[in-house]
Amino acid sequence: MTQRLGRKRIAGTDLEVSPLGFGTVKFGRDQGVKYPEHFTIPDDREMVNLLTLAHDLGMNLLDTAPAYGTSEERLGQLFAKHKGLREQWVICSKVGEEFITLENGQGESYFDFSEQHIRFSVERSLKRLNTDVIELMLVHSNGDDVNIIEQTGCLEVLADLKKEGKILASGMSTKTVEGGILALKHSDVAMVTYNLNEQGEKPVLDFALEHGKGIFIKKAFASGHACLSGHLANENRVLESMKLVFSHPAVSSAIVGTINPAHMQQNVEACLEACWT
């Protein structure tokens, strides 16, 4: 059995998370995604097996969102059905982006960063996930990071929800350097893109390190494009990706969304090697 992942405290919070987090977009959405290969949404049995494997490997961070289709609802149903499952996870969900299915069966996203919608969304996520508190709540940006933060007051709303005990930490999944730094000035965590293909947001990591804030990495494998499966070099690319991500001391965790058990174990092995070397 692969050695289990350890834990790292998210700077500025009391939360401890595994260096790899389990992203669950593939639990609830297969439209409008940017993965290079087709996938089938797992059924409940497969989901439980994946969550069990992830936990056995040491993962404790579970990333979901309303934008991930039925991911929150399906996770909540499993939490209700399997005693003790919820307690194994630090949950990170989001507000701002909604994914809806149209009459023609196609899905699309829309965004709402108003206080009313953020409060509605958090209450809905609590119910969907069958939980009294969500550890981390991030704003799901549409790319207009700075204007969202400055004009909607979304991070102030999350700060209020934190005071009310609905969430334990807040932040933003950003797409610009300016937005990432501004989000860290007003919250606990920024989730940024950082991989072998894209390193433009490194100044956000540097700012977080200097100011004691948390960093989550999204698209660590460039949505799979940096490590196309089936290629002989795949394992090396996985390891090189991990080495890049964890070479920066600001990184608390990288969110990886594989639903392939062999790839999950490979990712954990690469993460452990990257963190040791």
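Student: Hi! Which strands does helix α5 lie across?
Tutor: Helix α5 (residues 154-163) lies across β5 (90-95), β8 and β9, at about 165° to β9. Contact here means heavy atoms within 4.5 Å. Angles run from 0 to 180 degrees between N-to-C directions, with axes fitted to C-alpha atoms, for helices over the stretch in contact. Helices (H or I, at least four residues) and strands (E, at least two) are DSSP runs numbered from the N terminus.

Student: What should I know about the model itself?
Tutor: This is a predicted model, where local features need pLDDT of at least 70, side-chain atom pairs count only at pLDDT 80 or more, and totals for chains, interfaces and linings use all residues. Residues are numbered from 1 along each chain as its sequence is written, and side-chain values use heavy atoms, leaving out hydrogens and water.

Student: How do β8 and β9 pair, parallel or antiparallel?
Tutor: Parallel: β8 (residues 134-140) and β9 (residues 167-173) share six bridges. Two strands pair if DSSP finds at least two bridges between them. Met137, for instance, has Ser170 in β9 as its bridge partner.

Student: What do those strands belong to?
Tutor: A closed eight-stranded barrel with parallel pairing, in the order β3-β4-β5-β8-β9-β10-β11-β12. On average, neighbouring strands of this sheet are turned by 30° against each other, direction ignored.

Student: Switching topic: where is Glu240?
Tutor: Glu240 sits in helix α8 (residues 234-246). Its C-alpha atom is 37 Å from that of Ser121, 119 residues away along the chain.

Student: Why is Glu240 classed as partly exposed?
Tutor: Because its relative accessible area is 40%. Buried means under 20%, exposed over 50%, and partly exposed in between (1.4 Å probe, protein chains only).

Student: And Tyr110?
Tutor: Tyr110, in strand β7 (residues 107-111), is also partly exposed, at 36%.
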